[in-house]
Amino acid sequence: MATLRELKGRIGSVASSEKITGAMKMISSAKMHKAEGVLRRLIPFKDCVRTIIASLLSSDAPVSSPLAQPRRIVRKVALVVLGSDDGLCGAYNVNIFKGVLETIAALRAEYGSDIEIEIIPVGKKMAKAFARISDPKVSVSIPQQLNSKSEGDDVKAFSMELENAFLDGRYDKVTVIYMHYHSAGRQRYTADDYLPVAVADIADGSAAGRPCLFEPDASAIFAAALPMYLLSRMQSAFAENRASEQAARVMAMQSANDNAQKLLEQLQLEYNKLRQAGITTELLDIVGGQARD
């Protein structure tokens, strides 16, 4: 049975842990709101580029791009998997890892078991998880100078690298996998087909019938706008990954904080009972000593 001193020490330790998890929750919450702000700022740019491409597609001008040409035979697929560099975010990375395994199974069911898959993990936790895969048809390529917190020029360079690899024929298809951010309490696994670009999804009729003049010409504008559209999607995926990671960390810290609070209440109750028992024993000793006198 624990002594009063031992219980007091455990209570102090749990109380300290509760303060730490509370502080980590506040920090993660602030980072999550920052990532939400980045997402909101990306929406106007993404919508603008999408509208331009939709206008081009709805016009009579012939437009095409090798980035939008699907391959007749798909032999190699690149899976860009966005995860986290840090831990303490619950089952966030585990859920992504399980989802990737399901995506690989779906690709093999669609294109055959001989399809080659190259996984490009972004984030130390993802790189560590996929390092254990021993499938001869699955390779892992860790990008340099890129992590889950990357933005700006690093993301742009990575997007261009994927485009060049697709144009050179190294990949027949590129899919970006991340956790889509719905809210602080809800994130959804998403496998987004990045290349080739599905122009049918862009030409949704939102710009149909809108009179436009294209200068210098529709084909040149389409060729310039499509990489911008791809960049906006990659930037959005990175921002959603950061927001989802911090949201998962907020939930994990909240759960840890709640568990610490429950344990603290149990220890405090046990401490009070043991202290009360000690006081009762001392009183009985005093009363018994007076009776003997």
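Helix 2 has 20 residues, which at 1.5 Å a residue should span 28 Å, and its end C-alpha atoms are 29 Å apart, in agreement. The expected span is 1.5 Å times one less than the number of residues. Helices are DSSP runs (H or I, at least four residues) numbered from the N terminus. The model is predicted, so local features need pLDDT of at least 70 and side-chain atom pairs pLDDT 80 or more, while totals for chains, interfaces and linings use all residues. Residues are numbered from 1 along each chain as its sequence is written, and side-chain values use heavy atoms, without hydrogens and water.

**Faces of helix 2**
- Tyr 92, Asn 93, Ile 96, Gly 99, Val 100, Thr 103, Ile 104 and Leu 107 are the buried residues of helix 2 (under 20% relative accessible area, 1.4 Å probe, protein chains only).
- Seen down the helix axis, these buried residues fall within an arc of 150°, so they line one face; the arc is taken from the directions from the axis to the C-beta atoms.
- Lys 98, Glu 102 and Ala 109, on the other side, are exposed (over 50%; partly exposed lies in between).

**Ring contacts**
- There is one aromatic pair (ring centres of Phe, Tyr or the six-membered ring of Trp within 6.5 Å; planes under 30 degrees apart are stacked, over 60 edge-to-face, the rest tilted).
- Phe 97 and Phe 130 form this tilted pair, at 5.1 Å centre to centre and 45° between the planes.
- Phe 97 lies in helix 2 (residues 92-111) and Phe 130 in helix 3 (residues 124-130), 33 residues apart.
- Phe 97 is partly exposed at 22% relative accessible area, whereas Phe 130 is buried at 1%.
- The charged end of Arg 71 sits over the ring of Phe 166, 4.1 Å from its centre (NZ of Lys or CZ of Arg within 6 Å of the ring centre and within 35 degrees of the ring normal).

Note on methods
Helix = DSSP H or I, 4+ residues; strand = E, 2+ residues; numbered from the N terminus.
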